[in-house]
Amino acid sequence: MSSHVKEHHGHEHQPLGGRVLTLPFLICAALVAVAGVILFQRYTQGLAAVSNLNDGYPWGIWVAIDVVIGSAFGCAGYVIALLCYILNRGEYHPLVRPAVLASLFGYGLAGLAVLVDLGRYWNFYHMMLPWYAQPNSVMLEVGLCVATYTLVLVVEFAPAFLERFGIEGLRAKLNRVLWVFIALGVLLPTMHQSSLGTMMVIVGHKLSPLWQSQMLPVFFLLTAILMGFAIVVWESVMASLNFRRPMETPVLSKLAGLMLVVASLFVVLRVVDLIVRGQIGQIFGGPQSGWFVVEMALMISGLALLIPKANRNRSRALFLSASLLLAAGILYRLNVYLIGFTPAVGPWHYFPSVKEIMVTVGVFALEIALYLLFVKKLPVMHAVHPEHG
Amino acid sequence: MSKNMMSKNKTSGASVSRRGFLRNAVKGSAAAAAAACTTVVAAPPEANALVRPPKPLPPDAVGLLYDSTLCIGCKACVTACKEVNHMPPDVGPAQQGWNAGGGDKPIYDSPVELSARTLNVIKAYSHGTGATKDAAENGFAFIKRQCLHCADPSCVSVCPVSAMTKDAKTGIVNHDPSACIGCRYCVLSCPFGVPKYDYNDAFGEIKKCQLCKQQLAKNELPGCADVCPTGATLFGRTEDLKAEAKRRTALKVGEYAHYPRGDIAGKVGGPRSGHEKLVEAAYQTHIYGEKELGGTQCLAVSAVPFDKLNLPTNVPENGYPTLSEGIQHTLYAGMIAPATVFAGLAYLAHRNTKNHTDE
């Protein structure tokens with residue numbers, strides 16, 4: 001009996017249980033249905049029927065938000081695996097499964113969003129065929145890397161599945177080789193998250209000098225790591241509130257320290273990069289400089305909140321800081337992919353249509369609905385043990 | 001469980017030194033990264049290790065020379081382009097009211113910009129009273145837009161599935177819709193805003209000028225050069241066209257000059273007569289496409305500065321692929337760096353998960 005109790009004190013995962021058809025779940029399902037109807041129109045009448053995409057702005061929010069920002073949301077699994085298994089910080093272990101699950105949906109749905117955006121989606125498999133491959137293409141690297149990583153995430157999450165359905169033999173076998181997938185699960189996001197930045201290097205003068213830099217891969221990697229940390233903190237606080245679980249504050253406060261380091265590094269490198277390129281003056285009145293100021297203000301206020309050590313133990317401060325840093329990362333990526341971009345021979349205008357926005361909303365709603373379903377039905381979250389006494 | 005014990009052990013002894021190590025590692029790598037980045041960014045283009053060498057033009061590259069001072073804005077080239085390439089009529093936004101025709105079919109072809117229906121278009125610049133041809137002040141001028149067929153094309157560099165290719169001999173940038181996945185990265189990356197996608201078609205294609213390669217195969221001229229009455233659009237080997245452009249930009253106002261029509265070498269499409277014309281407006285010395293982004297096979301000369309004609313002028317002399325491919329090729333050279341990182345990660349992951357019973 002005592003060993004049993006001890007086991008539950010250890011690192012055990014449990015399905016949260018509870019009703020599946022809750023109000024948030026149903027709202028999400030309704031939003032997914034709305035997106036489905038819009039997508040029917042998109043596939044029967046073309047992209048212009050539902051979106052404001054045009055030849056000046058061939059990439060809109062489906063790329064910038066669903067893929068570029070959505071995959072950064074999916075970096076929770078990346079940073080936690082890095083901490084837990086590569087840097088061997090066992091204390092982060094409770095965060096692994098929820099993080100991997102969030103990543104799985106983040107990446108899986110980014111892949112889905114690509115199929116929505118591709119103008120000739122029926123040819124998408126050409127990306128995987130070596131005789132079509134064009135090795136100079138940054139996008140080929142990103143595409144293959146993201147596809148492989150999604151499979152890696154499936155394998156990383158498989159133990160929860162196998163555990164739930166009692167397939168112990170396979171689970172034991174998988175555990176013996178899991179280190180290969182963990183290593184891949186750290187390598188692949190490092191590659192494609194930085195390459196998401198490299199992708200915009202080739203647009204050259206069309207991206208405002210406030211963002212155009214050969215440092216783009218470095219900044220994209222930094223925002224991926226930062227947003228990975230921030231989403232873990234954010235999600236953990238949300239899960240605590242909504243599922244009435246105790247806060248994981250001690251672990252989160254350590255993450256907060258890491259967020260501070262990464263965010264500070266980002267700000268310093270960003271300013272150094274602007275100075276070295278001789279573009280620092282663009283901050284004052286350059287194209288889209290207002291958005292640069294907002295981006296920096298979000299980043300700096302988010303990290304400033306974490307400077308007093310006491311704040312890193314306050315869940316409210318942590319939540320606010322994580323939200324600010326997340327917003328800063330989102331805005332940075334949006335600036336690079338949309339706001340800071342001016343087409344070559346214009347004028348062109350782009351603002352997403354309502355239908356376009358509803359598709360993006362639907363993608364994220366699907367992510368939330370699946371997440372809710374999975375944490376209730378599968379052993380994802382750490383078992384909560386009642387306090388002694 | 002063992003992992004629990006492991007983490008307990010960790011927190012007791014080893015963690016202090018490890019934490020210190022981690023902190024130093026973070027600090028150290030941050031400083032190193034900052035130093036490396038600064039070096040990379042600060043290096044001048046020729047010393048920048050990340051930049052790959054520019055691609056030269058194929059020796060037999062062909063293209064067009066457009067002379068804005070010869071263009072009379074008749075748009076015969078626009079019509080010919082549509083016919084030869086079987087492109088549907090296009091309607092500019094301002095014409096929609098009266099140009100609806102019966103149902104969807106427009107009466108007039110009235111494109112104002114390149115699109116998935118229009119591979120070649122004549123645009124006009126006008127200023128003030130618009131009285132004088134080829135004058136930037138109170139004047140007007142024409143510009144022809146079509147694919148410039150870059151020496152180092154961005155669209156070819158970005159295409160993940162080799163749908164956009166550059167012919168090794170003619171240098172023509174071709175597009176193969178059967179390979180294309182419709183990602184529109186070519187549309188996004190083209191520094192001249194050339195490739196276009198059809199957003200109104202559920203099965204839309206990327207469209208761009210392919211220099212009428214089907215005509216060239218029959219030893220016939222590209223549609224636009226074939227019908228141009230003044231020789232404003234001239235076909236030929238890019239080297240020959242470049243020499244011709246230099247000859248024209250050196251001409252003085254008031255002198256008579258000979259202007260050929262069709263193929264500058266008189267071979268493709270058969271020999272054609274040229275014409276003598278008085279040089280009425282001073283040419284800009286700038287030959288558009290000679291140096292822009294690594295050079296283009298199609299060139300333009302004009303009496304009005306090219307920025308006024310809405311062409312990108314403030315661009316580097318090397319194509320953008322020199323940097324983006326340079327970065328990728330440096331990071332992924334022989335996949336050595338990723339393989340090394342993977343080996344390190346795999347070693348650590350193997351060591352650190354060995355004692356874990358779950359996960």
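Two strands count as paired if DSSP finds at least two bridges between them. On that basis, this predicted model has an open sheet of 3 strands in chain B, in the order β2-β4-β3 and with mixed pairing. The edges are held by β2 (121-126) and β3 (132-133) of chain B; each has a single partner strand, so one side of each is left without a neighbour in the sheet.

Let us look at one of these pairings. Strand β4 (residues 139-145) of chain B runs antiparallel to β2(B), and 6 bridges join the two. Across this pairing, Ile122(B) has Lys144(B) of β4(B) opposite.

## Two helices side by side in chain A

Two packed helices are described by the angle between their axes and the distance between the axes. In chain A, helix α8 (residues 216-242) and helix α9 (residues 249-276) have axes that come within 10 Å and cross at roughly 155°. Angles over 145 degrees count as roughly antiparallel, which is why α8(A) is described as roughly antiparallel to α9(A). The crossing of α8(A) past α9(A) is left-handed.

Which residues make the contact? From α8(A) they include Phe219(A), Leu222(A), Leu226(A) and Phe229(A), and from α9(A) they include Leu255(A), Met259(A), Val262(A) and Phe266(A). Arg270(A) of α9(A) also takes part. Sorted by type, the residues of this contact are 19 nonpolar, 2 polar and 1 charged.

## The domains of chain B

Chain B is divided into domain 1 (62-301) and domain 2 (320-359). The C-alpha centres of these two domains of chain B are 45 Å apart. Their contact involves 5 residues from domain 1 of chain B and 5 residues from domain 2 of chain B. On the domain 1 side, those residues are 2 nonpolar, 2 polar and 1 charged.

## Where the chains meet

How many residues of chain B are in contact with chain A? There are 68, and they touch 69 residues of chain A. On the chain B side, the elements that give two or more residues are α1 (2-42), α3 (154-158), α4 (185-189), β7 (196-197), α8 (321-331) and α9 (336-353). The largest share, 14 residues, comes from α1(B).

What types of residue does chain B bring to this side? They divide into 41 nonpolar, 19 polar and 8 charged.

Definitions and conventions:
Residues are numbered from 1 along each chain as its sequence is written. Chains are lettered from A and ligands numbered from 1 in the order in which they are written. This is a predicted model: local features need pLDDT of at least 70, side-chain atom pairs count only at pLDDT 80 or more; totals for chains, interfaces and linings use all residues. Two residues are in contact if their C-beta atoms, placed from the backbone, lie within 7 Å. Helices (H or I, at least four residues) and strands (E, at least two) are DSSP runs, numbered from the N terminus. Ala, Val, Leu, Ile, Met, Phe, Trp, Tyr, Cys and Pro count as nonpolar, Asp, Glu, Lys and Arg as charged, and the others, Gly among them, as polar. Domain bounds come from an automatic or database domain assignment. Axes are lines fitted to C-alpha atoms, for helices over the stretch in contact, and angles run from 0 to 180 degrees between N-to-C directions. Angles under 35 degrees count as roughly parallel, over 145 as roughly antiparallel, 65 to 115 as roughly perpendicular and the rest as oblique. A crossing is left-handed if the near helix is turned anticlockwise from the far one by less than a right angle, and right-handed if clockwise.
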